[in-house]
Structures are given as C-alpha cells and as structure tokens.
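Trainee: I would like to learn how to read a structure like this one, step by step. Could we go through it together?

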Amino acid sequence: MSGHPRTWFVVLPDTEAPSAVAAVQDTGAARVLHHPSGRPWIIGDWPAAELVTARAGEVRLAVLGHSSADTATLRRHAGRPDGADLTALADRLDGSFHLLVSAHGTVRAQGTLSGLRRLHHARVNGLPVLADRADVLAELTGQPVATERLALRLLHPLPHPLALLSLWTGVESVPHDHSAVLAPDGPVRTVRRWRPPATRRPPAEAAEAVGAALRLAVAARTAPGGLIACDLSGGLDSTPLSFLAARGPGDLLTVTFGSVDQLHGDAPWAAAAAAELPGARLLVGAETLPAMFAGLEHPGEQGDEPFAWTRTRARDEHVARELGARGARLRISGEGGDEVLQLMPAYLRAIARRHPVLAARHLHGHRARLRWRLGPSLRALADRRSYRDWLAHAAGHIATTTPPHGTTLLGWGVPPRLPPWAGPEAIRTVRAQLLTAATGAEPLAPEHAQHQLLHMVQHSAGAMRQAVELTARVGTPYTVPFLDDHVIEACLAADPALLGTPFAYKPLLTLAMAEVVPAHLLRRSGKGDFSPDAYEGLARHRRQLADLTERSALAEAGLIDAAALRRACVGLYPPGTSYAALDATLGCEQWLRARATHRTAPAAADGGHRNTGTSPTPGGH
C-alpha cells in the first residue's frame, strides 16, 4: 500500500453560485457528489472505500470515514419521514465518520464529538461553505495565518473554547457537539446535537454498554476484511482491541514496539497476549525505529494545525510505511483509552452530595496516591468558581514558571501555561485572547469531571487527527476506536465512582472485556513509560534542535525567545516544564516554516493535481 493523498472535502449549499463553485473546483478536486437538484454538493478527494451514499427522492445521504453504513441502510433511512435527521441516523451507525445530508434544498453536516473529524465554515466569493479542513478554506478565501492565534498553540494544555479557533481569521470551526446547516440563502447555522448523559449506569449495566460500543466500533473497521494491524503493547487499551479485531473476517497482525529501556514493562505482557491471539506478530525494536525527535530539520507536509506529536512523527511515518509494505489495510491503536476510561478526581464533587462517606474514602485514596495534603485538597473541592472565572484567573498566570498544584484536578482542570521561552508578545496576545474568551465561555459539560474528560478527549483527538492524516499519506492509516461517539457516550454514562476510583486501574474496561480477553491479561495495573526513549532522542538530536532555533520562524514572528529555547534544547531542560510544551513549540515552528515555503513555492504539478500560487492543492508543497 502506498497511502492515499490527504482526504479533504468542501460542502456547497444547493444554490447557483458559479464563481464559488469554480473556485472550489479549481483546487484540483478528484471527486464530486451532487445535490438531488444536480448542483455540486461535495467536492474533494477521499478514498473511495471510505464513502457510502444513498438517495431516496429529494434526500441524499453521505457517510465519509470508517463506519458500519451500507447503501441499503442509508436508503432506508433517507426514505423515512425523518430521513434528513442526522442525529437519528448517527444513533444507528458505528465508527468514526462525517455525516452529511442534502434534503429539499438544505444541507446538514456533522463530525465527531472528539473532533477527530471536524468541520469548518467560511464564505467563498460570498457563498457560505463547509470543509473538513481549515487550510482548504483559507486557501479558497486567501486568508493569511493569524499569528496571534498561532501563539495560543504554545499553551499547554490549550483550554476550551480556544482550541476551536482555526489559525485563520474568517475561517470558523463548528463546535464538535453541534451540526452545521447550510440553507440556499443565509449564513451557516450551527445547532446543538448532543449533550453529556445525565444518567449514571451501575457497573454491570455500564460495562455492558461500553463492551457493546467497543465491539461495534472495532467491527466497523474490520468488516471489510483484509489484513488489519493492531497495536499490542500488552496494556489494558490495546489488548482488548486486538482480541476484538481477531473476531473480524480479516487477518490480524499484532504490532509491539520496543524501548531503549531494557526493563520496559510492556514486553512480557505483550508476549503473553500474543500467545493467545491468532495471526502474525511484528516486533519493532527500538533499534529499528527512528529515534524520537528525528527529522526535525525537515518540516514535511503539514495539516491545518501544527503536528502535536513532533517527537514521534518520524516513527509514525516509518511504521505506516512498514505496515503498508506488508499490505495492512488499517492500523488500530489503543490511543484514547486513557482519556475515556478514567475520570479525574473532580468526580468527587458529583458523588459527595449523594455518597459523602464514599467520597471521603476516595479522596483519601487519591491523596495517598498523589501525595496531596488534606488542606489544599479540601480548599480545591470547595472552590465554586464558574468556568468563566476559572479561565479569567488562568489568564493571569500563563507565564508563571511554578507548575500548578496537582489539586487543580479537583476543579476545572490544569491551568494552561506558556513555556519559559515564550516571548513578551506571545504572553500579551495569549492573555488577551484568554480574557476575551472567558467573557462568554461555557464548559463542555456542567460537571467538572465530565468537562475534563471531554477536554482531554478533544485535546488528544487534535493530535490524533494529524497522525491519521500523516499515516494515511505514506502507508497504512491509523485509527482509534476509543474516540468513537458511542464509546465516549457509554463511558460518560458510567457511575463516576467506577471511572474515577483510586483503588483499581480502569475497572470499567476490565468488566466490559471480561468475556473477550483472558482474565490473566486484564490484571495489569499500569502501562509502559517511553520517557527514556524521549531523553535518548533529545540527546541524540540536540544539534538539529539547536539549528532549528538559530533560524526560528516563531522568533521572527515575535512569539518566542530563540536563545531561551536553545538553552532548553541543548542544556538543562527547565524543571517543571512538560515535554509536551516542547512538542507544541516544535510543531508550531515546523508548521510555520512549511506555510512560508508553501506561499513562496513556484507552481508545480503534484500527483496529477493542479497546484498554482493562487489556488494550490490543499496541503500541497
């Protein structure tokens, strides 16, 4: 397998707009779908196997991604009285996909709750349009990069709702829990389509729901058959997915990655799991993989956001090519399991009113595990600030070098911090944007713990979305069943005491997979740590990192102090600064360099697509 050019699409309303349609078609799009009226509806480029469409009368449906949809199911839905209702259809489908409908002149579209599949909107020659990628719309509208928005990407973690901001003014994002509506005339409207579940299922019922959601999520990916690669670290996330994938009609190839740490904990657990599974096994030793932080001198092709997993980008490409050469159709990863299967200790707020004794016992467990003192813990739980007030307060402390106390997990979450190499202009503009956002910000869920879970899901999905694009281009694409809508919802509906307990490791998953995975493989109580690989990679590539700072595009934009970043890369890394902050900065640096190269590159043919200076192929270089 040689991969597929980057998937992208633009959605047009059902109206006459020759100049807008011409602008979209001039991108060199490979595929076009039409409204029932015959006008262009969806224009872009995507793998043929990932699209399912159907029509009944004046209703046409399209599902784009990995889904359980088939033409017969869509046709039956399109012929129903609620045929244009995407929520009703989404309830019947499993997987990860965009869902679109053109019915009686109106278009509706939605992505996924995680944001792994997103939607953006803008006006192209006066016509409101949608797209799955912000850079496509930026190219169509001629918008330059908004440097102040790029500065936000230096924050870690990037708080809601600022993560929704595209890197171009005039290109807006559809909230992940909303659908977008395109009428024949008028602007794009967004309509809320989902709210976090208020019910709390008891353990047995919650486990049944999560187990069913995971089985269907994996089946949606394995149903077409072929060779399926599945990560197998021996952990509680990848192991169940491997056993579920083994039930599919195709062949299984489990993949285990080695570490430079000879005492790494994954190896024996992965070997024990592999002994119980059918199919072939691929052991990828650390010595065969590019070191972490490799390839930084080459920005490579970029998406519509900076690549968040900078340190592992070369590894991701290497593995995608290796699996593609072996004929693997898809790579299933356990990423996302940490985010959906564990609640942060803020769940104690939800159970304290109903079960104060249980809450006290759990608080004691968390304090023992995390070494929290009682006083700060109780003060954090007593903090009744709204999310708006929390965000406004965080704005005043983004440049603080002291790491936030762990008890912040008992509130709305970890306050965002800029790295110590952020420049004064970055600090000023980021603080101003946080304060502006705080005036109208609403949390992702009313409960603190649910908000944190959804924020972590969306934060991680942003990185995974870039990894999906990268791997699909060079070889076997990567997919993450734990971030499917039905899986997220099933996890959120579980008893928070079960999801957050300090006395067991991912008990909801072990209950859900009890009949799928051999019992001895569900006894693992932790996961492998690849920090030694990061340290080794950082030491090996210090020279390349230093070179990157000497001609920094971020420094030229006034966003970082290049000398401070150089000291962090080649000297003592600043204590208390997460390596994720370095990943974010390096991702922004490479992204900005690639955009500058893209703007000045001469016109060239690329894979049969037209690529001109004024209307380049989306993402082309």
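Mentor: Let us start with aromatic rings. Rings of Phe, Tyr and Trp (its six-membered ring) pair if their centres lie within 6.5 Å, and planes under 30 degrees apart count as stacked, over 60 as edge-to-face and the rest as tilted. Here, ring pairs link Trp421, Tyr535, Tyr573 and Tyr579 into a cluster. Keep in mind that this is a predicted model, in which local features need pLDDT of at least 70 and side-chain atom pairs count only at pLDDT 80 or more, while totals for chains, interfaces and linings use all residues. Residues are numbered from 1 along each chain as its sequence is written, and side-chain values use heavy atoms, with hydrogens and water left out.

Trainee: How many aromatic pairs does the structure hold, and why does the pair of tyrosine 387 and tryptophan 390 get the class it has?

Mentor: The structure holds 7 aromatic pairs. The ring centres of tyrosine 387 and tryptophan 390 are 5.5 Å apart and their planes lie at 20°, so this pair is stacked.

Trainee: Where do tyrosine 387 and tryptophan 390 sit in the secondary structure, and are they buried or exposed?

Mentor: Helices (H or I, at least four residues) and strands (E, at least two) are DSSP runs, numbered from the N terminus. Tyrosine 387 and tryptophan 390 belong to helix H14 (residues 387-395), where being 3 residues apart separates them by about one helical turn. For burial, the rule is that buried means under 20% relative accessible area, exposed over 50%, and partly exposed in between (1.4 Å probe, protein chains only). Tyrosine 387 has 3% relative accessibility and counts as buried, and tryptophan 390, at 9%, also counts as buried.

Trainee: Which residues does aspartate 82 touch, and where is aspartate 82 found?

Mentor: Aspartate 82 lies in the loop between helix H2 (71-78) and helix H3 (86-92), and with a relative accessible area of 24% it is partly exposed. Contact means heavy atoms within 4.5 Å; not counting residues up to four places away in sequence, aspartate 82 touches His77, Ala88 and Arg92.

Trainee: What does the secondary structure of the whole protein come to?

Mentor: The protein has 24 helices and 17 strands. Its radius of gyration is 24 Å, close to the 25 Å that the globule rule gives for 621 residues, so the protein is as compact as a globular protein of that length. That radius is taken over C-alpha atoms, and the rule is 2.2 Å times the number of residues to the power 0.38.
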